[in-house]
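Visitor: I would like to go through this model term by term. Please set each label against its cut-off.
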Amino acid sequence: MTVLLGDKNRFAAEVGEWEHSLRRVDLWVAGEWLTCDDNMAFVGQFCSDVVETVAWLRSGASSPLPFDGLSPEATHRRLMHRAGADDETEEEYRLRSRFRVLSWGPTTDNVTAHLFSDADRLVLTLQFWREEHLVRYPCHAGKVFVAEVPAEEFVGILEDLAALLDGSRGSGPALSG
């Protein structure tokens, strides 16, 4: 059984078949398939990370765009400008980390994603970074993808995803239908 949550043109998660202790989880933002490099999630870790993201969002800790006058794409690029470089300051690192999202282990570590709040909606930005990915998908090189999602819709999708994965823990292949 495959379950699709959300809208692939904004944010969506599709949960599918089992393979040992892993479950297929495909994610989309702005029509782009994020998990194209590794879509087999270790259920325990992945579910825990999703639940932490929901708690973070429910706590009101998300923040608006940090730079006046910059688009979400330009903000993403500015946050990433010196990321990981020797001259990146602690302040730059903390600021970038404040917006980091979708850090859910090996299934999502092929992208760098940020989340910004804007009233009752969220803005997600993401960029693929792995060289082998960019060789396979040259149209992704240097591209920042942007999606706007109503905040309650995004949180609802994550809550449904966590419930689906949590309900499948220990049930294994029997739920894959």
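Guide: Start with burial. Buried means under 20% relative accessible area, exposed means over 50%, and partly exposed lies in between, with a 1.4 Å probe and protein chains only. The model is predicted, so local features need pLDDT of at least 70, side-chain atom pairs count only at pLDDT 80 or more, and totals for chains, interfaces and linings use all residues. Residues are numbered from 1 along each chain as its sequence is written, and side-chain values use heavy atoms, with hydrogens and water left out.

Visitor: What makes the pair of phenylalanine 11 and phenylalanine 154 stacked, tilted or edge-to-face?

Guide: Rings of Phe, Tyr and Trp (its six-membered ring) pair if their centres lie within 6.5 Å; planes under 30 degrees apart are stacked, over 60 edge-to-face, and the rest tilted. Here the centres are 4.7 Å apart and the planes at 70°, so the pair is edge-to-face. Phenylalanine 11 is in strand 2 and phenylalanine 154 in helix 5, 143 residues apart. Helices (H or I, at least four residues) and strands (E, at least two) are DSSP runs numbered from the N terminus.

Visitor: And what is the pair of phenylalanine 99 and phenylalanine 116 called, and why?

Guide: Tilted, because the planes meet at 40°, with the centres 5.0 Å apart. Phenylalanine 99 lies in helix 3 (residues 90-99) and phenylalanine 116 in strand 7, so the pair ties together parts 17 residues apart in sequence. Phenylalanine 99 is buried at 0%, and phenylalanine 116 is buried at 1%. By the ring rule, the count is four aromatic pairs.

Visitor: What makes a set of residues a nonpolar core?

Guide: The members are buried Ala, Val, Leu, Ile, Met, Phe, Trp, Tyr and Cys residues, joined through side-chain atoms within 4.5 Å. The largest such core has 39 residues, and Phe11, Phe46 and Phe154 have the most contacts inside it. Helix 5 gives the most to this core, with eight residues. A second, separate core has five residues, including Phe99 and Phe116.

Visitor: How do you know that the charged end of lysine 8 sits over the ring of tryptophan 28?

Guide: The rule asks for NZ of Lys or CZ of Arg within 6 Å of the ring centre and within 35 degrees of the ring normal. The charged end of lysine 8 is 4.0 Å from the centre of the tryptophan 28 ring. Arginine 78 lies over the face of phenylalanine 67, at 3.9 Å from the ring centre.
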